[in-house]
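Dear colleague,

I am handing over the structure we spoke about, and below it you will find my notes on what turned up when I went through it. Please read them with the structure open beside you.

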Amino acid sequence: MKRPTIPDLAEAAGVSVSTVNRIINGAQNVRESTRESVLRTAEEIGFYGLGAMTQSVMAQRKTYHLGVLLQQSGRTFYDELGKAIRSAAEMHPNCRIKLTLEFVSNLSPENVAQQIISLGERCESIAVVAAQHPIVANAIDTVLDNGVPVAALIGPLSARGNVSFVGLDNWKIGRTAAWAFDKMVRNPGKIGILVGNHRFRNQEMNESGFRSYMREYNPNFTLLEPQATYESAAAARDIVEQMLRDHPDLCGLFISGGGITGAIGALRDNPRRDDFVAVGYELFDVTRSALADGTLTMLIAHPMEAFAREAIATMIKSKVLGPGAGAQRVALGFDIFTPENI
């Protein structure tokens with residue numbers, strides 16, 4: 001069978017032959033929605049000139065310069081998130097993305113604020129992962145005042161202006177983690193809680209949801225005060241080892257923030273109750289292994305590809321709609337992993 005021709009494509013797409021010719025030739029007097037629709041049809045029917053049409057449509061697509069600021073390159077979660085965001089930018093179906101993706105190693109508020117302002121000066125719309133702090137909020141307002149929309153990733157951020165958000169429902173995460181302890185620990189006792197930094201609002205909301213569930217359904221558990229690891233595996237290891245020494249009746253650990261590899265190391269090296277439950281964050285090689293050998297009981301994780309797509313989409317939408325549209329908010333569902341489904 002001969003491959004479909006221009007008249008065949010026009011008929012299949014419900015447009016005129018002249019419209020198809022204009023799209024192939026890169027004419028600007030064709031609506032973007034029509035160009036994209038005809039291109040999809042060309043792909044579906046195997047149009048003989050698909051290569052030329054694809055190049056033409058790509059050339060006409062709007063280009064956005066987006067900036068993303070993540071934390072600490074070298075940490076598996078952020079490295080994987082960076083890869084997912086790059087892929088989502090490259091594969092965006094309706095526009096071209098020029099992406100500036102940067103990692104910040106020094107997490108002091110002053111340095112993070114400086115990086116936010118710098119990124120905002122170079123991009124049309126930006127998204128950042130940061131801890132809440134007045135200095136960071138001022139930097140965000142500086143960027144917003146210059147007409148560049150800002151979205152918070154992972155954890156919400158507040159400023160005087162409208163800050164969008166792409167992340168998980170952290171209240172539900174906390175309650176889901178508490179449900180696991182309630183249903184799996186045979187004899188309620190003390191539960192340790194780790195956070196990376198109390199200024200990460202998502203982790204504070206995790207803890208709040210966790211405590212709300214226990215108040216409502218099982219107040220027999222004693223929830224220890226959360227300990228901050230400051231995203232350090234070494235600090236997390238020291239904290240968990242101290243918890244196990246100070247609280248022989250510790251029945252569980254909720255790892256709500258950074259440093260999970262250190263916490264896993266401490267759990268592996270120290271004796272625990274037979275019904276000990278440990279709930280952590282994000283699935284990667286180390287946590288997968290910890291699930292498999294029983295060190296961790298359950299993991300809650302970001303759906304990485306969906307998260308990356310929504311981050312890109314939110315930055316574009318905020319730019320297109322402008323400041324009058326207010327903040328955009330996207331709360332994604334989260335993945336749950338146990339030893340039986342990794």
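In this predicted model, glutamate 231 and arginine 75 are joined by a salt bridge, with 2.7 Å between the closest N and O atoms. Glutamate 231 counts as buried because its relative accessibility is 10%, under the 20% cut-off, whereas arginine 75, with a relative accessible area of 21%, is partly exposed.

Two other salt bridges lie within helices. In helix α5, lysine 83 and glutamate 80 are three residues apart, about one turn of the helix, and their side chains meet in a salt bridge with an N to O distance of 3.6 Å. Glutamate 80 is partly exposed, its relative accessible area being 37%. In helix α10, the side chains of glutamate 241 and arginine 237 meet in a salt bridge at 3.2 Å, again N to O, and these two residues are separated by about one helical turn because they are four residues apart. An α-helix has 3.6 residues a turn, so residues three or four places apart point the same way. Glutamate 241 counts as buried at 19% relative accessibility, while arginine 237 is partly exposed at 28%.

Another glutamate to look at is glutamate 102, which lies in strand β2 (residues 96–104). Glutamate 102 counts as buried, with a relative accessibility of 19%. Once its neighbours within four places in sequence are left aside, glutamate 102 is in contact with Val68, Leu69 and Leu70, and also with Gln115, Leu119 and Arg122.

Turning to helix α7, this element covers residues 134–145, has twelve residues, and reaches 16 Å from its first C-alpha to its last, close to the 16 Å expected at 1.5 Å a residue. Which residues of α7 are buried? They are Val136, Ala137, Ala139, Ile140, Asp141, Val143 and Leu144, and these buried residues pack against α6 (109–122), β3 (125–128) and β4 (150–154). After α7 comes glycine 147, whose phi is positive, near 85°.

Finally, a word on the cysteines, which may matter to you when you look through the model. A disulfide is a covalent bond between the sulfur atoms of two cysteines. A search of the whole structure finds zero disulfides. Cysteine 123 is in no disulfide, and the nearest cysteine sulfur, which belongs to cysteine 95, is 14 Å away; a pair would have to lie within 2.5 Å to be counted. Cysteine 123 is buried, with a relative accessible area of 7%, and cysteine 251 also counts as buried, at 0% relative accessibility.

Notes:
Residues are numbered from 1 along each chain as its sequence is written. This is a predicted model: local features need pLDDT of at least 70, side-chain atom pairs count only at pLDDT 80 or more; totals for chains, interfaces and linings use all residues. Side-chain values use heavy atoms; hydrogens and water are left out. A salt bridge is a side-chain nitrogen of Lys or Arg within 4 Å of a carboxyl oxygen of Asp or Glu. Buried means under 20% relative accessible area, exposed over 50%, partly exposed in between (1.4 Å probe, protein chains only). Contact means heavy atoms within 4.5 Å. The expected span of a helix is 1.5 Å times one less than its number of residues.
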